[in-house]
Amino acid sequence: MLQTISSDLLPFITTVINGSLTSGHVPTVFKKARVIPILKKPALDPSDISNYSPVSLLSFLSKILERVVCNQLSDYLMQNNLHDPNQSGFKAAHSTETALLAVTERLHAARSAKLSSVLILLDLSAEFDTVNHKTLLSTLRSLGICGTAWEWFASYLDGRSYQVTWKGLTSAPRRLSTGVPQGSVLGPLLFSLYTHSLGKVISSHGFSYHCYADDTQLVFSFPPSDTTASARISACLVDISWTWMTAHQLKLNPSKTELLVIPASIPGTVVRMAS
């Protein structure tokens, strides 16, 4: 229906979008979400609340506005080389495939050099819901986003609200003081920028890494005779989980974080351990 009458609606939609961008203000009605819990995988226990993802349903116009801003922000990051080079999410010519290739190539190179490797798959708890708005806005400013553009993001984050719909019932509205909407157009890109500094922490311990959106894989390769490997791995994880994540109000999920050991001397053998 909207496509059929788009020629009549387009001038009005354009006025609304341009008015928001030039004023640095996001209408309050665009910041209201209806949250529907979606089971992460069909085989999971539906009676366990932790098996659900809170997906935000937003208005049609708000998603158009987010798409316009997301495109402009992506172009700005690309033109100024501000993307994390080890992030495959939200970048042209990058995908989950490039992330997989980057990690497997590092592991193959280590095996060729007769090095053992450890692959750590980080999993976060409710990562989108706990994003600190002040920290995110500070990160955007550090990337050169200022003036009306910065004010637009501040307005986008401020005064958001949600209602939960479950089994035909809808809760009363609640204000949100943290987080970015899961299910929004702009939320995943903002989260990747929020975690931009994590790479420096990982690299400072001599680890390599690669990300796709909120998924982070760490790779540490070492000679089989290295007796300090275990201590270095522990130090890196402590720095990530206690120092960096505490500062960013994020939490590592130990039950879903995994560690894989790939020995150098036994071809084809992979030892799988829980973190």
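Modeller: Leu157 counts as buried because its relative accessibility is 2%; buried means under 20% relative accessible area, with a 1.4 Å probe and protein chains only. This is a predicted model, where local features need pLDDT of at least 70, side-chain atom pairs count only at pLDDT 80 or more, and totals for chains, interfaces and linings use all residues. Residues are numbered from 1 along each chain as its sequence is written, and side-chain values use heavy atoms, leaving out hydrogens and water.
Biologist: Where is the place of Leu157?
Modeller: In helix α5, residues 147-157. Helices are DSSP runs of H or I, at least four residues, and strands are runs of E, at least two, numbered from the N terminus.
Biologist: What is Leu157 in contact with, beyond four places in sequence?
Modeller: His133, Leu136, Leu137, Gly179 and Val180. Contact means heavy atoms within 4.5 Å.
Biologist: New topic. In which sense do β7 and β8 pair?
Modeller: Antiparallel, over five bridges, with β7 at residues 208-212 and β8 at 215-222. Pairing takes at least two DSSP bridges between two strands. Tyr209 has Leu218 in β8 as its bridge partner.
Biologist: And Glu66, buried or exposed?
Modeller: Buried, yet without a salt bridge. That would need a side-chain nitrogen of Lys or Arg within 4 Å of a carboxyl oxygen of Asp or Glu. Arg160, the nearest side chain of opposite charge, is 4.7 Å away; Lys and Arg count as positive, Asp and Glu as negative, while His and the chain ends are not counted.

Definitions and conventions
Buried < 20%, exposed > 50% of the residue type's maximum accessible area, 1.4 Å probe, protein only.
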